[in-house]
Amino acid sequence: MSFSAFYVDVITFELKMAKRPRSTSLISCMLIIMFLIFPNHICALDGYDDAEVQLLLSFKASIFDDPSHSLSSWSNSTANNLCNWQGVTCIGDVNSSHVNVNVIDLSGRNISGRLSSSLFHLSHVEKIDLSNNQLHGQLPRDIFTSSNSLRHLNLSNNNLTGQIPHGSLPGLETLDLCNNMISGKIPENIGLFSRLKFLDLGGNVLAGEIPNSMSNMSNLEYLTLASNQLIGKVPSQLGQVKSLKLIYLGYNNLSGEIPQEIGKLTDLNHLDLVFNNLTGQIPDSLGNLTELRYLFLYGNKLTGPLPKSIFGLQKLVSLDLSENSLSGEIPELVSQLQQLEILHLFANHLTGKIPKSLASLSRLQVLQLWSNKFSGEIPSDLGKQSNLTVVDLSTNYLTGKVPDTLCHSGNLFKLILFSNSLEGEITKSLASCKSLGRVRVQNNRLSGEISAEFVKLPLVYFLDISGNNFSGRIDDKKWDLPSLQMLNIARNRLFGNLPESFGSEELENLDLSENHLSGNISLNFGNLSELMQLKLSHNKLSGPIPQQLSSCKKLVGLDLSRNQLSGPIPVSLSEMPVLGQLDLSYNQLSGEIPRNLGVIESLVQVNISHNHLHGNLPSTGAFLAINASSVAGNDLCGGDTTSGLPPCKSKSVRNNPAWWFILTCFLVALAAFGVAGFVIVYIRRRKDLELKTVENEDEIWKMQFFEPKVSRSVSIEDILSAAKQGNIIAIGNKGAQFVVKDDAVNSISPTFWSKMVEFGNLRHPNIIRLIGICRSEKNAYVIHEYCEGKALCQILRKINWEQRRKIAVGIARALRFLHVSCSPSVVIGCVSPEKVIVDSKNEPRLQLSLPEFEDSKGFASSAYVSPEAKNSKDITEKSDIYGFGLVLIELLTGKSPDDIELGAHESIVEWARYCYSDCHLDAWTDPMIRGHVFKNQNEIVEAMNLALHCTAGDPTARPCANELYKTLDSITKTSSCVAVNLVSPPF
């Protein structure tokens with residue numbers, strides 16, 4: 001009990017005693033005397049300020065989710081032990097009356113709720129750290145006016161919105177608001193924070209220009225405003241803040257030139273202005289930054305030569321000027337950068353030779369000069385004195401041989417030299433470099449045989465030597481590359497039989513095309529369970545196509561064209577679930593095309609031309625509208641007019657009239673029995689399902705059911721009783737449950753009830769069935785299947801990515817059924833998480849709350865209704881696609897259109913488009929699934945791309961339900977395949 005609480009209890013006790021006999025009031029007098037004589041001893045029972053207790057409890061009241069129970073100890077009952085509350089630190093002696101809270105540290109507790117201003121009213125608090133939580137809402141307006149004691153404030157990595165409040169805390173030294181969704185401009189008076197040493201406002205949506213008043217922060221050492229939407233120039237006044245050690249202004253829209261005044265910051269250690277729109281030349285004054293260790297200017301529009309002054313920065317560790325329009329040569333002065341570890345100058349217009357003095361940089365680890373116009377030879381000693389791990393000199397005009405010193409340190413991991421004019425052999429020292437993991441030397445003039453050492457590198461996962469002049473046999477050595485995922489040796493002069501194995505079970509992409517390989521395709525290729533692309537075209541392979549290839553269940557592309565393969569097309573190829581491209585052209589294949597080959601849904605491109613195939617062309621799948629050039633040179637018939645094939649002649653195997661008579665009699669008899677049985681069942685079902693008129697005490701009801709079981713088990717009394725007692729009725733011995741929904745009959749047109757019969761016949765595993773309807777002049781009820789589970793809106797933020805992915809596919813499958821399989825199509829109008837029930841098997845079940853049932857005001861105000869449906873009441877299939885897009889955005893980000901405060905963005909769609917194009921993946925994915933981002937990066941990015949297409953402002957730009965389902969299904973099934981088909985980066 002606090003002192004103030006104790007005092008109030010004493011007074012209350014005294015007032016009660018005043019109404020009693022004199023003897024009892026003596027007790028209260030004694031208590032008051034004790035309080036007056038021994039005030040310090042009573043205070044010693046509790047030296048805490050009751051006001052601080054109430055402020056802390058006020059903060060706790062604003063938190064609605066505390067999964068780690070960090071605030072469980074915060075209560076009135078433990079107020080006398082305040083300093084032992086989790087996250088609370090005090091100053092002062094608990095045995096005196098001067099104990100106050102001075103530190104609140106609740107970082108990384110994953111607490112959720114609104115940020116209360118109460119903590120900022122603690123009179124002695126010096127540090128508040130609430131970083132890495134799920135706090136939301138606007139920053140309190142009095143955050144910078146209520147406490148003069150605050151020195152350190154960290155609210156980073158939350159979901160805070162709104163603008164930065166005005167005000168100043170002259171004693172504040174640390175202000176970290178990064179990675180929220182704070183919008184608006186940086187306050188002009190931010191310079192009033194005169195003692196600030198650390199300022200991080202990065203990772204928000206701040207707009208406007210950088211205030212010049214920042215020059216008043218004479219103590220500022222760390223400044224980051226990165227990843228916002230700031231515009232204008234880099235203020236030259238920053239050159240007055242001589243204490244600055246780090247400037248990070250990257251990922252904005254800053255323009256103009258880099259101010260010369262930056263060169264006055266002689267204590268600067270780190271300068272980062274990346275990915276802006278900066279123009280002009282790099283100022284020579286940067287050469288004055290003698291303490292500079294990191295200089296990052298990449299991703300701008302800088303022009304002109306490399307200033308010689310920057311090569312005098314002898315403490316420079318990392319220099320990245322890539323992705324600009326810089327020209328000229330790299331001077332030999334680069335040898336002065338003896339501390340340099342990383343040099344990135346790629347994607348510029350640099351010319352001349354690569355300076356030999358680069359070889360003298362003993363600390364150099366990463367050298368990336370790709371996509372320039374360098375010519376001449378690679379310095380012969382490069383790597384001899386360095387600890388090189390990455391070398392990328394691709395896409396230049398380099399000639400000569402590959403130096404054998406590149407792996408001298410034994411740590412070279414990436415060797416990227418493609419698209420030059422390099423020649424000669426791969427030296428023995430380089431071929432035996434055990435540290436190599438990624439090798440890309442394609443499209444050069446390299447020659448010689450592939451050495452035995454080169455095919456035994458333990459760490460190589462990506463090996464591309466295609467487009468060279470390598471020769472010799474490939475089957476005279478054992479391939480043992482246990483980490484290999486991608487191998488491309490195409491377009492060389494290699495010969496011999498195919499290796500039985502490459503020593504890897506992880507192989508995903510194998511291209512041996514355009515060589516002189518012969519012999520049979522190894523049966524062991526069927527053991528490559530991860531294989532997604534197999535290209536063996538333009539060789540001299542013979543024999544049959546192995547049936548074992550069908551064991552490659554992840555195979556997307558199979559190209560065996562222009563060989564000498566014979567025999568039939570294996571029927572087992574139709575068992576490959578994701579096969580998309582199949583090219584068997586220009587071989588000697590014979591027989592008929594397997595009927596089931598056209599059944600593969602994923603197959604979109606087939607070429608079987610110039611073989612010896614005969615018979616009917618399958619009339620399914622990719623064969624339906626196949627191009628004539630893809631089937632030419634065979635003896636085939638049938639197909640669409642686009643195939644160019646003649647129609648097939650009917651076969652006259654059974655011309656015996658007696659045979660036809662017997663067959664006809666049998667079929668007629670069979671049909672008669674079938675019809676009789678059908679009629680009996682139909683009459684019974686029709687009687688169960690026909691419209692009934694029943695009388696109740698007060699009203700006449702018309703009832704119609706779409707389930708015979710329900711029709712025989714439910715009466716109008718059951719429905720009315722269930723509607724009053726919780727909307728669930730039990731039917732039959734099995735206790736099947738159904739839900740009764742009350743609808744306002746006045747809002748539904750009479751013609752709508754005739755449509756309900758069609759809706760009652762809908763059956764799909766992802767749609768909650770409509771069971772029946774009943775109506776009177778005053779009331780109407782809709783009865784639908786009871787689905788045990790929870791609404792998606794209740795569980796969305798608690799489920800992992802695999803569950804969210806399954807839910808998205810299920811909803812898309814339901815929409816495809818409603819829009820494509822139903823005739824006429826069924827349109828919902830408002831697809832939202834509230835209308836999706838997730839059952840015990842994590843399957844989504846869509847509720848058919850059709851637009852006619854919706855309250856008109858509620859329907860129009862729903863954020864999940866498309867803009868055109870709100871404005872014109874014209875509800876189409878594309879309206880449903882829009883709602884699905886919003887649901888998909890919510891599954892990916894955890895943000896709904898209703899609960900997000902968007903700041904500068906007018907809608908969640910606009911916010912999502914910004915995040916998708918300008919923010920890192922971790923910045924917009926739901927924290928609940930961030931642990932899945934690395935493994936499912938392509939899948940999540942493609943899903944967001946699909947969601948943005950679904951929410952396009954122009955309805956015609958949105959995909960139809962069929963395209964939506966196929967795209968989403970292919971993303972989730974073959975996300976890794978998508979990654980393989982993308983253009984590989986040059987590093």
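1. Accessible areas here come from the Shrake-Rupley method with a 1.4 Å probe; for residues, only the protein chains shown count as cover. On that basis the protein chain has an accessible surface of about 45100 Å², and carbon and sulfur atoms hold 51% of it.

2. This is a predicted model: local features need pLDDT of at least 70, side-chain atom pairs count only at pLDDT 80 or more, and totals for chains, interfaces and linings use all residues. Residues are numbered from 1 along each chain as its sequence is written, and side-chain values use heavy atoms, with hydrogens and water left out.

3. The protein chain holds 19 helices and 55 strands (DSSP runs numbered from the N terminus: helices are H or I, at least four residues; strands are E, at least two). Of its 987 residues, 51% count as buried (under 20% relative accessible area, 1.4 Å probe, protein chains only).

4. Asp176 sits in strand E9, residues 174-176. Asp176 is buried but has no salt bridge (a side-chain nitrogen of Lys or Arg within 4 Å of a carboxyl oxygen of Asp or Glu). Lys127, the nearest side chain of opposite charge, is 11 Å away (Lys and Arg count as positive, Asp and Glu as negative; His and the chain ends are not counted). A polar atom of the Asp176 side chain lies 3.2 Å from the backbone nitrogen of Cys178.

5. Strands E19, E21 and E23 form an open sheet in the order E19-E21-E23, with parallel pairing (at least two DSSP bridges between two strands). E19 (303-305) and E23 (349-350) are the edge strands, each with a single partner, so one side of each lacks a neighbour in the sheet. Two bridges join E21 (residues 325-328) to E23. Ser327 stands opposite His349 in E23.

Terms used:
Buried < 20%, exposed > 50% of the residue type's maximum accessible area, 1.4 Å probe, protein only. Polar contact = N/O pair within 3.5 Å; in protein donor to acceptor, adjacent residues only side chain to side chain.
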